[in-house]
Each structure stands twice: as C-alpha cells, then as structure tokens.
Amino acid sequence: IKAVGEMLRALSGQKLISTHSGELLAGVPLSKIRRLRRKDGKVCVHRIADGVLSDEEIGKLDYKVRTTRGSLLFSRCWLLVEGETEASLLPECATALGVDLYAEGVSCIEFSQVGVEKFIKLADQLGIDWLVLSDGDGEGEKYANTAKGQLNGRPEADLVHRLPNENMEVFLCMSGFGDIYEANIAEQKKDTVQSETGTIAYWSEVTKAQVRNSKPKSALEVSQRMLADQTLVPESLKSVIEEARALARSAA
C-alpha cells in the first residue's frame, strides 16, 4: 500500500485514475476519491463535500476504511454492526440462507471503534447505501438514535434495526444457542450465574461470565450450526440480511 501511494505521488501533473483495485485505492486519500454510481439510468459522481467531515473524522475513516480495507469503497451497501460477533456471524448467517453478501455488494462493518455517524456520513457522501444493526441496551439505543438522525427522509424501518436483547450474545442464547455459551463459562465466574435457568437475566449472567476472548470461538460454533441447518437462523437476522441485499440490488 505504501509503495502504491509513493508511486501515485511521484507522477507529475493532474492524476485521473480509474480502478477496481482496493489496494490501489488504499494509496489515495479519501478526500481525493470520486466514486461513480449508476442510478436511474444515469451515472452520478460522488465525493466527500467540504465541511461534512472534520479532518479528525477523515483521519479515523482513512485508517478503518481506505488504508486497511479499500475494497469497502466498492460496496453497494454497508451493513453497520456494533460488535465483532455480529461482524463475523452475519456473513455466515447469509451463507446459511443461500445469500453471498460479497457477491451482492454488501460489506459488514463493525462501527464501534470509529462511531456509527462517521460511517453513515461517509457512505452518504460516496453514494453507498447503509443500514445499522445495534444492540438492545442503552448504548445500542444511542447508536440507533444517531442513525435515525441521518435518515434524511429515508424509512427508519428499513435502515435502523435493533436486537431485542441487550447484546448479540444474549440474543443468541435466547434463540437456542445458550448451551454453547454455558460451555464457555469461566471456572472462577460460575458463582456469578444465579438467576433462574433460561431467563433473560440468566443468559445475561452467562454471557458476562465467559472465558476471556471466547466470543470468536462461540460465534464460530453458532455459525456452524446455522450452516448445517438454515432454519436455525433467527428471523430478525434474516430480515436484516434480506434488507441489506435489497438495498445493494437497488444500487446495482
């Protein structure tokens, strides 16, 4: 990536380069990128308008989007999710349902480290459709309200989704995958699980008592079950995946 950037800077005069390469795109600052999108039979040119994003915001997005995952800028739709479990699980849920998110032009992006508003602003500026899936706790409500403030007349029901439980882990336990998380309770935390088995309070305690760094392993086990039996994919996750695909296809 560094070599690409140095090569582009070494070229004299005005530079106009068309590419489908995420690696090449990674060598170009976000503010210099122009994204072409066909809509209603016309090709529109999108760019980051002056003043929409601060230098600090662009700096954070430069690292999270352009430098490390330049291919995201070729997506038709960004599925913005709150945590690592969602980011790894949703593509597998889609595969279980026979949906290839990559082929559809949908990218699943964890937004918590940068902030959902920055990603939405960038997506809108570059003509990329988006939808948000946040947790059902207080923090998730804040993220959802932030997303609602960026709708600009678009339907909330299509673009802003929330889990019915405090986080994805509790939701998965309530959806029939609790035994996976029960098996990963840390020995020293067993005494903290005291609520009645099967209740929301119980699953909340179970997920808080997990062995350290066990989330990716548990998400993998959940996805393997879904891949073996697509009927295990919860309806709320199905609707999010279907909406993301619909948005991507509308932008094709």
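Visitor: Why is Asp179 called partly exposed?

Guide: Asp179 has a relative accessible area of 38%. Buried means under 20% and exposed over 50%, with partly exposed in between (1.4 Å probe, protein chains only). So Asp179 counts as partly exposed.

Visitor: What am I looking at here?

Guide: It's a predicted model, where local features need pLDDT of at least 70, side-chain atom pairs count only at pLDDT 80 or more, and totals for chains, interfaces and linings use all residues. Residues are numbered from 1 along each chain as its sequence is written, and side-chain values use heavy atoms, leaving out hydrogens and water.

Visitor: What makes Arg225 and Asp179 a salt bridge?

Guide: The term asks for a side-chain nitrogen of Lys or Arg within 4 Å of a carboxyl oxygen of Asp or Glu. In this pair the closest N and O atoms are 2.5 Å apart, so it qualifies. The partners link distant parts of the chain, 46 residues apart: Arg225 sits in helix H11 (residues 215–228) and Asp179 in helix H9 (residues 168–182). Helices here are DSSP runs (H or I, at least four residues), numbered from the N terminus.

Visitor: How do you know that Glu235 forms a salt bridge with Lys238?

Guide: Their closest N and O atoms are 3.2 Å apart, so the pair meets the cut-off. Both belong to helix H12 (residues 235–250), and because they're three residues apart, about one helical turn separates them.

Visitor: Is Lys238 buried or exposed?

Guide: Buried: its relative accessible area is 17%. Glu235, at 58%, is exposed.

Note on methods
Helices (H or I, at least four residues) and strands (E, at least two) are DSSP runs, numbered from the N terminus.
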